[in-house]
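Let us walk through this model step by step. Start with the sequence and the fold below.

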Amino acid sequence: MTFQQILFSVKYGLYRPQTAKAHREYASNQYLSKDELDQINWTKRKKILKHAYANIPFYRERWTSVGIHPDEIKKPEDYSQIPRLSKCDLKDHFDKLKDSSVQSKFLVVTATGGSTGMPVKVGHDSRLPLEAHGWRMLGWWGVKPYMNAAYVWRVGQANLGLKGILNSTLWWPTRRIRMDASNMQQSDVEEFILKFNLLNPPILQGYTGAIAHIASVVRQKNLWVKFPKAIWVTSSPVSKVQRQLIEEVFHAPVYDQYGSCEIPWISAQCAERKGLHINYESRFVEYLDQENKPVKQGVSGRIVITDLEDYVFPLIRYEIGDMGRELPDPCTCGVTLPMMDQVLGRTTDLVHLPNGSCISGDYLTTVFDDYPDAVRGFQVFQSADGKITIRYVPNPDDPRVRDIIKKVTYEIGKRVNSEVEVNAQALPEIPHDRGKLRFVISELDREGK
Ligand SMILES: [Zn+2]
């Protein structure tokens, strides 16, 4: 045991013993049989339904209005009878979603960054050992939670002033460096890389777009950079183009983790990177078709999630606004937690056509997948007048760029049946939305929100 590890265990043992306990539990759960895992998940689902009916006014009223009582949900197949919870419900009924029987000091309220087009407030139970999910995930990548780390993130209150000093002291001797993703000038990136090389952390974590931006600056400026063990991207899906760029620059695998402000720690890739393992003992994930029926195995559907652990502000069958699909085959890494495919695009990011139809973000995020070398970044932008612009950062070393851009523009034009104008625009870099890079932005889609 290293000094870092001993001190880390002692501090967590005193400060948050529930996290160490959960970590031990999660570490053994990940090798249980499918039946055993299903049993844990189903028991927790029934329990949270009962709790919500008894203690949360919103659920009691909503379920009563459609004639549903938790006692009638006897088999897993019955679960889909429970009404879904929309983002609008969350926005309109925040106060009725809180458990009034719990002391308010355990309720922490946060707001989403609005990455899905509708900023919402959400509550969480501060006692939950959420970090334990992260510890299990880091273990899959050969990284320990007490190791040094580098973050590219929005710098929050916890990192500033006295709070920042206290935070660093609590983590000592583990060192963590941060780069503010909401303001990334070239000089900031160069300074961050200097610090990064000095610390030599095994893990680099942050917004996908921000890390891809750093990688492009490193490549452009030909900066020397130390190689971490793993790169953990989150907040927006990573495209093939971005993955290739980041991995080439940092010589480390990029791992995808899926979660949101409303329901964090949903799933993460293991070292095999064949899909994302769902944190099944605390999350239940469903994939629904347009008629709100479960899709056939392996088919993409709207993701609906139940958080099985938060009793202070329960989110039951929450429409998270993403599309995804189940991967039925077990993973070769030995972890038995069920798998989902990488989440592509946001269902709220749709390109609208004059005839009333929409083009899904899923499709648009893949337009350069066959040509990962041609561009260093891209974004499909639809302005309020309906026109579509394919913004891209060309790779000056690839002589095929012009032809490929022509081809992609033609393909999208075909897709929209020439109803709207489609143009391409070369840019030195893709504009960020407070550090988050969005693949598909439609001003028409945002107007309706
Ligand atoms: Zn695996």
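A residue counts as buried if 20 or more other C-beta atoms lie within 10 Å of its own. Keep that cut-off in mind for what follows. The model is a predicted one.

Begin with the whole chain. The protein has 449 residues, and buried residues make up 39% of them. Its secondary structure comprises 13 helices and 20 strands. Take the contacts in the protein with a separation of 6 or more: 67% of them join residues 24 or more positions apart.

Now turn to one residue, Pro201. Where does Pro201 lie? It sits in the loop between helix H8 (186-199) and strand S5 (203-207). Is Pro201 buried or exposed? Pro201 has 24 C-beta neighbours inside 10 Å, so it counts as buried. Leave aside residues up to four places away in sequence. Pro201 then touches Asn148, Ala149, Ala150 and Pro228. Ile177 is 24 residues from Pro201 in sequence, and the C-alpha to C-alpha distance between the two is 9.1 Å.

Two of these names lead on to a sheet. Ala150, which Pro201 touches, stands opposite Ile177 in S4. Strand S3 (residues 149-153) pairs with S4 in the parallel sense, over five bridges. Pairing of this kind, parallel or antiparallel, runs through backbone hydrogen bonds.

Step back to the sheet itself. It is open, has nine strands and shows mixed pairing. Which order do the strands take? Reading across, the order is S4-S3-S5-S6-S7-S8-S9-S14-S13. The edges are strand S4 (176-180) and strand S13 (326-327), each of which pairs on one side only.

Helix H9 (residues 208-220) lies across S3, S5 and strand S6 (230-234). H9 runs at about 120° to S5.

Finish with a pair of helices. The axes of helix H2 (residues 17-29) and helix H6 (residues 131-140) come within 8 Å and cross at roughly 45°. That angle makes H2 oblique to H6. The crossing of H2 and H6 is right-handed. Which residues meet there? H2 contributes Thr19, Ala22, His23, Tyr26 and Ala27. H6 contributes Glu131, Ala132, His133, Trp135 and Arg136. The residues of this contact divide into five nonpolar, three polar and two charged.

Definitions and conventions. Residues numbered from 1 in each chain as written. Predicted model: local features only at pLDDT ≥ 70, side-chain atom pairs only at ≥ 80, totals over all residues. Axes fitted to C-alpha atoms, helices over the stretch in contact; angles between N-to-C directions. Helix = DSSP H or I, 4+ residues; strand = E, 2+ residues; numbered from the N terminus. Parallel < 35°, antiparallel > 145°, perpendicular 65-115°, else oblique. Left-handed = near helix turned anticlockwise from the far one by under 90°. Contact = placed C-beta atoms within 7 Å. Nonpolar A, V, L, I, M, F, W, Y, C, P; charged D, E, K, R; others polar. Buried ≥ 20, exposed ≤ 12 C-beta atoms within 10 Å, placed from the backbone. Pairing = 2+ DSSP bridges.
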